[in-house]
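Dear colleague,

I am handing over the structure we spoke about, and I would be glad if you could look through it alongside the notes that follow.

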Amino acid sequence: MDFAYICRVFALGIAACLGLIAAVAQAEPGVERPPNLIIVLTDDQGYADVGFNGCKDIPTPNLDRIAHEGVRFTNGYVSYAVCGPSRAGLITGRYQDRFGAINNPTIDPTVPNNGVPTWEKNIAELLKPQGYATMVVGKWHLGSHPDLRPRERGFDEFYGFLSGGHDYFPESLTYESLDDVDKQWAWYRTKLLHNGERVGTEKYLTDELSDKAVDFIERKKDEPFFLYLSYNAPHTPMQASEEYLARFPEIKNPKRRTYAAMVSAVDDGVGAVLDKLDEHQISENTIVFFLSDNGGATNNAANNWPLRGHKGAPFEGGIRVPFAVRWTGTIPAGQVFDHPVIALDIAGTIVGQSGASENPERPLDGVDLTPYLTGQQTGPPHDMLFWRWYQRDRLVVRRGHHKLIHEAGKQQLFNLADDISEKKNLASSQPELVLELQAAAEAWAEGMADEPLAPGLASWKFQK
């Protein structure tokens, strides 16, 4: 037996061992690896427009799957009742009022700070030191200025659009970029951005976004990743393909039928995402959150029943949203969690579970929900939750079952345990509680920004 033969046998043995190690690692992709995070965010979806909240006319089996295989939050909130500020709070885990993202900002790309300012870290920026691959798919609405776009803010990849809304059909996308916009709302018709390049599309927008999300998971399945799947459906314009409209012949209201079709397209996409996780056996190492960015709107036929109010309002229909999370194998399935939680907790959860570090000078307002959902910790995650409408001199606070709306010297107090529809104002009968909650809200508001960082959506003046 010559020396060369021995070397070859030894090399083959080493290769076999390495192959076995690789196979084991592939079979157990979650070992010694922080959890992936997927946020599925819809736009203007009503509280009652998912099956897990009782919807009857729009089947949502895949959104329901997240809730049934994880946790349904009955008191899940966002930090504002309109898209821009709500999304700023979600992506940073901090009340957006702290840093002045307190209105729907202009889409004018020449205006600085028209989104989340650079001194605030978003989830992607918090996770990058931990080795996460990161991608935004869909609606950004967190800054159209060149310094505030996704790839300048910690995301490796971006496929979508910068504005707060968008047309859904490819033939409508005739503007090359925001620089060409010449009238109000024309930003809905820009071509999509793929990283830094404008691209043409062939599919209905929701399907296009779902495909890109699935592709990202396929490419990044072997490393920790953060996917922010930010749908603009079912936000206006009310546009749906015939494929989805054909599913709802029994809905006679044309707007509601289109709305149902738009939600159904999202549900199909979410199903493809969940199936891809299962295909690669990474569901047990992936936290999937689903929620809407605010309550259902009045212009898209959304249903917020039994909640009072709608998008923009301080009532529950403006800020309480369909909200669920799944983390297979870690969070027990089939739970209903009744304590109030807020979108800020998504950042708190992934920071707590990934080993990422928050800025001690700008600590998160969100908390890690995991110990509450696994039974390690009992009680409510928050003592109080707060909201502010800067332009209307309005503060809202929820503590336990009680919610106070304080606006321009007038108070409305509700006990949500007995009155989820906020029909009975208890302020006159419980003046001491009103004063207590008002004082708490005012103390919180003292630490918030005095002015919005950027002018509002309607401020863009066109010279063309």
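**What was found**

Please keep in mind that this is a predicted model. I begin with strand β13, where Leu 385, Trp 387 and Trp 389 point one way while Phe 386 and Arg 388 point the other way, and all of these residues are buried.

Strand β13 runs antiparallel to β14 (residues 394-399), and 5 bridges join the two strands; in one of the pairings, Trp 389 has Arg 394 of β14 as its bridge partner. The hairpin that β13 and β14 form has 4 residues between the strands, and Asp 393 in this hairpin takes a positive phi near 50 degrees.

Turning to helix α7, which spans residues 254-279 and holds Val 266, I note that Val 266 counts as buried because its relative accessibility is 2%, under the 20% cut-off. Apart from residues up to four places away in sequence, Val 266 touches Thr 42, Thr 206, Tyr 231 and Ala 233.

Finally, Ser 177 lies in the loop between β5 (157-161) and β6 (192-194), and with a relative accessibility of 15% Ser 177 also counts as buried. A polar atom of the Ser 177 side chain lies 3.2 Å from the backbone nitrogen of Asp 179, and, leaving aside neighbours within four places in sequence, Ser 177 is in contact with Thr 190 and Arg 198.

Methods. Residues are numbered from 1 along each chain as its sequence is written. This is a predicted model: local features need pLDDT of at least 70, side-chain atom pairs count only at pLDDT 80 or more; totals for chains, interfaces and linings use all residues. Side-chain values use heavy atoms; hydrogens and water are left out. Buried means under 20% relative accessible area, exposed over 50%, partly exposed in between (1.4 Å probe, protein chains only). A polar contact is a pair of N or O atoms within 3.5 Å; within protein, one must be able to donate a hydrogen and the other to accept it, and residues adjacent in sequence count only if both atoms are side-chain atoms. Contact means heavy atoms within 4.5 Å. Two strands pair if DSSP finds at least two bridges between them.
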